[in-house]
Amino acid sequence: MAKLAPDLLRTIFQLQQHLIELIDEAGATEQSLLTSFGETPETIVELEEAQNARERLTLSYSRLSTLVLRVAEYQPIAPNATMNLLLEAIAQAEATAEAAKASISEIQRYWGL
């Protein structure tokens, strides 16, 4: 495996855990909203927002995982372009997580979930 700094690996694995937790929270929020209030004209926007957050989080998780695996396949070092893609994926995943968390929290507050 191409060597990644221990701090970078820790960041990646913590970010993956955070993404998984948010995927679960988005799904639970969507399910709770649907169970409590049903699919109505009033809830449809938030149901779609929760589903979209979950999809964006899943894509970020998948991209990050794929790039980490790609780096692991290189010997002895990964090309700069691949490392740059990995760093971009980290930044994008962090931004996605932050935006999704805000959306999920807003839905929960508004509907008292």
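In which helix is the place of Ser103? In this predicted model, Ser103 belongs to helix 3, and with a relative accessibility of 16% the residue counts as buried, because the buried class takes in values under 20%. The side chain of Ser103 is in polar contact with the side chain of Glu49, at 3.2 Å.

Another residue of helix 3, which spans residues 80-111, is Thr96. Its relative accessibility is 13%, so Thr96 counts as buried. The side chain of Thr96 makes a polar contact of 3.4 Å with the side chain of Ser60, and, once the neighbours within four places in sequence are set aside, Thr96 is in contact with Arg56, Leu57 and Ser60. Ala81 also has its place in helix 3, but this residue is exposed, with a relative accessible area of 53%, where the exposed class requires a value over 50%.

The arrangement of the helices themselves can now be taken pair by pair. Two packed helices are described by the angle between their axes together with the distance between those axes. Helix 1, residues 6-37, packs against helix 2 at an angle of about 160°, and their axes are 9 Å apart. That angle makes helix 1 roughly antiparallel to helix 2, since angles over 145 degrees are counted in that class. The crossing in which helix 1 passes helix 2 is left-handed. On the side of helix 1, the residues that meet helix 2 include Ile12, Leu15, Leu19, Ile23, Gly27 and Glu30, while the residues of helix 2 that meet helix 1 include Leu47, Ala50, Arg54, Leu57, Tyr61 and Val68. Sorted by class, the contact of helix 1 with helix 2 has 15 nonpolar, 6 polar and 3 charged residues.

How do the axes of helix 1 and helix 3 cross, and within what distance do they come? These two axes come within 9 Å and cross at roughly 30°, which means that helix 1 is roughly parallel to helix 3, given that angles under 35 degrees count as roughly parallel. The crossing of helix 1 and helix 3 is left-handed. Among the residues that helix 1 brings to this contact are Leu8, Thr11, His18, Leu22, Glu25 and Phe37, and among those from helix 3 are Met83, Leu87, Ile90, Glu94, Lys101 and Trp111. The residues of the contact of helix 1 with helix 3 divide into 17 nonpolar, 4 polar and 3 charged.

For the remaining pair, the axes of helix 2 and helix 3 come within 9 Å and cross at roughly 160°, so helix 2 is roughly antiparallel to helix 3. Their crossing is left-handed, and the contact of helix 2 with helix 3 has, by class, 18 nonpolar, 5 polar and 6 charged residues.

Terms used:
Residues numbered from 1 in each chain as written. Predicted model: local features only at pLDDT ≥ 70, side-chain atom pairs only at ≥ 80, totals over all residues. Heavy atoms only, no water. Helix = DSSP H or I, 4+ residues; strand = E, 2+ residues; numbered from the N terminus. Buried < 20%, exposed > 50% of the residue type's maximum accessible area, 1.4 Å probe, protein only. Polar contact = N/O pair within 3.5 Å; in protein donor to acceptor, adjacent residues only side chain to side chain. Contact = heavy atoms within 4.5 Å. Axes fitted to C-alpha atoms, helices over the stretch in contact; angles between N-to-C directions. Parallel < 35°, antiparallel > 145°, perpendicular 65-115°, else oblique. Left-handed = near helix turned anticlockwise from the far one by under 90°. Nonpolar A, V, L, I, M, F, W, Y, C, P; charged D, E, K, R; others polar.
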